[in-house]
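Here is a short report on one protein chain. Please look at the fold and at the charged side-chain pairs.

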Amino acid sequence: MIQRVQTVFLLIVVVLAAVLPFFASLWTLDNGTVIFAKDEMYISVAFYVSAILAFIAILLFKNRKNQFVVNRLNMICNLFILGFFVSRSLNLSGETVVSEKGIGMLIPLFSIVFLVLANRFIKKDEDLVKSVDRLR
């Protein structure tokens, strides 16, 4: 049953985490240098971990409970990335080091939203299977 709605949401998370951070800027330094995820190793590794977890969750379509747990782990990973971006933007004052925040800083937030939607549909599927099992 790989053609479920949560698979679409998880594919969106894979694209958001694996492709988009390398084309959307994270921030711009005061000298005009644009920073992407590929410029900082730990950020790119964190995004790749998120993409791999989403892909693993897609492959776990037969075991919905494990899929749900992997999505929760992915949400925690994205919360760490988002927390890093928030602390980085708050600790660095306006024009001294960071002059412009990029749209790439919102990628973990969008990933979390799609992971929550995927978990909601996984829970619906699990409840449906449980209700059918009760009728037998």
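The text below covers the fold, the surface and the salt bridges.

**Basis**

This is a predicted model, in which local features need pLDDT of at least 70, side-chain atom pairs count only at pLDDT 80 or more, and totals for chains, interfaces and linings use all residues. Residues are numbered from 1 along each chain as its sequence is written, and side-chain values use heavy atoms, with hydrogens and water left out.

**Fold and surface**

The chain holds 4 helices and 3 strands. Their order from the N terminus is α-β-β-α-α-β-α. Helices (H or I, at least four residues) and strands (E, at least two) are DSSP runs, numbered from the N terminus.

Of the 136 residues in the chain, 40% are buried. Buried means under 20% relative accessible area, exposed over 50%, and partly exposed in between (1.4 Å probe, protein chains only). The accessible surface of the chain is about 7900 Å². Carbon and sulfur atoms account for 70% of that surface. The areas come from the Shrake-Rupley method with a 1.4 Å probe; for residues, only the protein chains shown count as cover.

Contacts (heavy atoms within 4.5 Å) are counted here between residues at least 6 apart in sequence. Of these, 73% join residues at least 24 apart.

**Salt bridges**

How many salt bridges does the rule give? The count is 3. The rule asks for a side-chain nitrogen of Lys or Arg within 4 Å of a carboxyl oxygen of Asp or Glu.

| Pair | N to O distance |
|---|---|
| Arg-4 and Asp-125 | 3.1 Å |
| Arg-64 and Glu-126 | 2.8 Å |
| Lys-123 and Asp-127 | 3.4 Å |

Take the salt bridge between Asp-125 and Arg-4. This pair links distant parts of the chain, 121 residues apart. Asp-125 sits in helix H4 (residues 107-135), and Arg-4 in the segment before helix H1 (5-18). Arg-4 is buried, at a relative accessible area of 9%.

Next comes the salt bridge of Arg-64 with Glu-126. Again the pair links distant parts of the chain: Arg-64 is in helix H3 (residues 64-91) and Glu-126 in helix H4, 62 residues apart. Are these two residues buried or exposed? Both Arg-64 and Glu-126 are buried.

Lys-123 is partly exposed, with a relative accessible area of 45%. Asp-127 is also partly exposed, at 35%.
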